[in-house]
Amino acid sequence: MVREIFENELNELLELYLHLHEDSVPAMSEHLSKTWKTIVQDKNHHIIVNIVDGKIVSSCVCVVIPNLSRNVRPYAFIENVVTHKDYRTKGYATECLKYAKQIAKVENCYKMMLLTGSKKESTQKFYERAGYNSSDKTAFIQWLE
């Protein structure tokens, strides 16, 4: 079942992020608590989860960003696409991305975009099958300390 995350599911989401790029689950702190509260209260910030056997097995984030160009239409940014390693290649992340696309359509977004750090051909093909392309734009990243 695909839906938006519930506020009480933070710990389960952080556990899932161990299958993304995290080395450990962050300790509960005031900073983490405030950040979580900011996210769940932001109507433009959507954490989408796929529930299988009562647990979160896949997720992605969809942030709708207000915009002044393109006839004042927002755009959506997709981040943190992840599936638990034991549940991969079953379509769970694809279902999350489809849900994100529905949000973007409802919000009248003119585009959706995502970045991936993966150079794996299978990952890039996955995003292409989901409707994304890597030829329309060029991404540049500047990492901040």
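Author: Let's start with one word: buried means under 20% relative accessible area, with exposed over 50% and partly exposed in between (1.4 Å probe, protein chains only). What you're looking at is a predicted model, where local features need pLDDT of at least 70 and side-chain atom pairs count only at pLDDT 80 or more, while totals for chains, interfaces and linings use all residues. Residues are numbered from 1 along each chain as its sequence is written, and side-chain values use heavy atoms, leaving out hydrogens and water.

Reader: OK, which residues of H4 are buried?

Author: Thr123, Phe126 and Tyr127.

Reader: How do you know that the buried residues of H4 line one face of the helix?

Author: Look down the axis of H4: those buried residues fall within an arc of 95 degrees, so they line one face. The arc is taken from the directions that run from the helix axis to the C-beta atoms. On the face turned away from that side sit the exposed residues Glu121 and Arg129. The cover over the buried residues of H4 includes S4, H3 and S5.

Reader: Glutamate 128 is in helix H4 too. Is it buried, partly exposed or exposed, and how do you know?

Author: Its relative accessible area is 40%. That lies between the 20% and 50% limits, so glutamate 128 is partly exposed.

Reader: What makes the reach of H2 close to what is expected?

Author: The expected span is 1.5 Å times one less than the number of residues. H2 (residues 30–41) has twelve residues and reaches 16 Å from its first C-alpha to its last, close to the expected 16 Å.

Reader: On to the strands. Why is S3 called largely enclosed by the rest of the structure?

Author: Of the eleven residues of S3, eight are buried, so the rest of the structure largely encloses it.

Reader: How do you know that S2 and S3 pair?

Author: Two strands pair if DSSP finds at least two bridges between them. S2 and S3 have eight, in the antiparallel sense, so they qualify as a pair. In the hairpin of S2 and S3, with two residues between the strands, aspartate 53 takes a positive phi near 55 degrees. S3 and S4 also pair in the antiparallel sense, over seven bridges, with valine 63 opposite phenylalanine 77 in S4.

Reader: What makes S1 and S5 the edge strands?

Author: The five strands form an open sheet in the order S1-S2-S3-S4-S5, with mixed pairing. S1 (2–4) and S5 (112–114) each pair on one side only. S1 pairs with S2 (residues 45–52) in the antiparallel sense over three bridges, and glutamate 4 stands opposite isoleucine 48 in S2.

Reader: What makes a set of residues a nonpolar core?

Author: The members are buried Ala, Val, Leu, Ile, Met, Phe, Trp, Tyr and Cys residues, joined through side-chain atoms within 4.5 Å. The largest such core here has 18 residues, and Ile48, Cys60, Cys62, Ile78, Val81, Leu97 and Tyr127 have the most contacts inside it. S3 (55–65), S4 (75–83), H3 (92–106) and H4 (121–129) each give two or more residues to this core, and H3 gives the most, with six. A second, separate core has 15 residues, including Ile5, Leu13, Leu14 and Leu32.

Conventions:
Helix = DSSP H or I, 4+ residues; strand = E, 2+ residues; numbered from the N terminus. Contact = heavy atoms within 4.5 Å.
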